[in-house]
Amino acid sequence: MRIVHHELLVSFVFLTLLSVVITCMLVVTTLGTDNPGLAGDLTGMVTLQGEAIQRVGGLWLRVAFLLGGSLVIFSTQLAILDTVTRITGCIFYERFGHRTRFFTQKRTFLVFLTIFVLAAMGIITASWIGGEGLDVLQPDFLLLIAGPFTMTSMFLFTLVVGYMNVRRLPAQLGPPAWKRWSLLWAAVLWGWFTAEQLSRTAMSVAAVEPRFMESLALHPIRILFYALWLAALGWFAVRTLPGGEKRGARA
């Protein structure tokens, strides 16, 4: 188990931080820091980066950059699909599936994976053949919603993993106190990103003044999502922190 922990620490934490640093340095080096017109225009940003890289290192380096970026996006979407499938599959199986003969754990995950893959294929197909009315489904839009969707899925995944490990496993196999506090900290971070992004998306749809979306100024929509986030944190803390599982059981 210790080896697994070390592998996760290296692969998930250190490599993630390294990739974020490299990506930020690459953007600043190729595009600078004063390009507000590129906000939300991922295709334009990548195109300009590729041109800047080609001027420095030639065509082969530009091709390598574009292929590497494509592989990163593809692997990220696979991870998102895996995470969402595990979350929904675990919830469905624990609540309903285990009572039936058909829905074993393997079949549950397979059913949800098939549904999500078919839905993704349908969205992509619609963006290809739907005409101008579905231009918003083109890559810029899909990539822009992929980030918030990742945050939301990680927030839910943290809640499910913490709850299942504390409430379902025997005490001898349950996580120690420091890991429970770490799970709560992860829920704080992912939950805040989720609440903020969802509130900004909702305000954008509701045509709220831009100043609320460009800052953390209070707005009823933001207050609502923050309240839901804090309520989820409270529930999670009561159910998972040391001594909390006993209080949750009495409740």
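Predicted model: local features only at pLDDT ≥ 70, side-chain atom pairs only at ≥ 80, totals over all residues.
**The α2–α3 pair**
- Helix α2 covers residues 42-57 and helix α3 covers residues 59-95.
- The axes of α2 and α3 come within 7 Å, and they cross at roughly 145°.
- The crossing of these two helices, α2 and α3, is right-handed.

**The chain as a whole**
- The protein chain holds nine helices and zero strands, and its pattern along the sequence reads α-α-α-α-α-α-α-α-α.
- Of its 251 residues, 22% count as buried.
- If you take the contacts between residues at least 6 apart in sequence, 55% of them join residues at least 24 apart.

**The second largest pocket**
- Rolling a probe the size of a water molecule over the atoms shows where empty space is left.
- The second largest pocket holds about 230 Å³ of space.
- Its lining is made up of Cys90, Ile91, Glu94, Arg95, Leu159, Val160, Tyr163, Met164, Arg168 and Trp235.
- By class, the lining of the second largest pocket has seven nonpolar residues, three charged residues and no polar ones.

**Ala120**
- You will find Ala120 in helix α4, which spans residues 105-129.
- Is Ala120 buried, partly exposed or exposed? Ala120 is partly exposed, because its relative accessible area of 36% falls between the 20% and 50% cut-offs.
- Ala120 and Leu81 are 39 residues apart in sequence, and their C-alpha atoms are 9.8 Å apart in space.

**Ala207**
- Where does Ala207 sit? Ala207 lies in the loop between α6 (177-205) and α7 (210-213).
- Most residues other than glycine have a negative phi.
- Ala207 has a positive phi, near 60°, and is a residue other than glycine.
- Ala207 counts as exposed because its relative accessibility is 66%, and the cut-off for exposed is over 50%.

Notes
Residues numbered from 1 in each chain as written. Heavy atoms only, no water. Axes fitted to C-alpha atoms, helices over the stretch in contact; angles between N-to-C directions. Helix = DSSP H or I, 4+ residues; strand = E, 2+ residues; numbered from the N terminus. Left-handed = near helix turned anticlockwise from the far one by under 90°. 1 Å grid on protein atoms, 1.4 Å probe; cavity = no way out; pocket = protein on both sides within 12 Å on 5 of 7 lines; lining within 4 Å. Points joined across faces, edges and corners; volume = space filled by probe spheres on them. Nonpolar A, V, L, I, M, F, W, Y, C, P; charged D, E, K, R; others polar. Buried < 20%, exposed > 50% of the residue type's maximum accessible area, 1.4 Å probe, protein only. Contact = heavy atoms within 4.5 Å.
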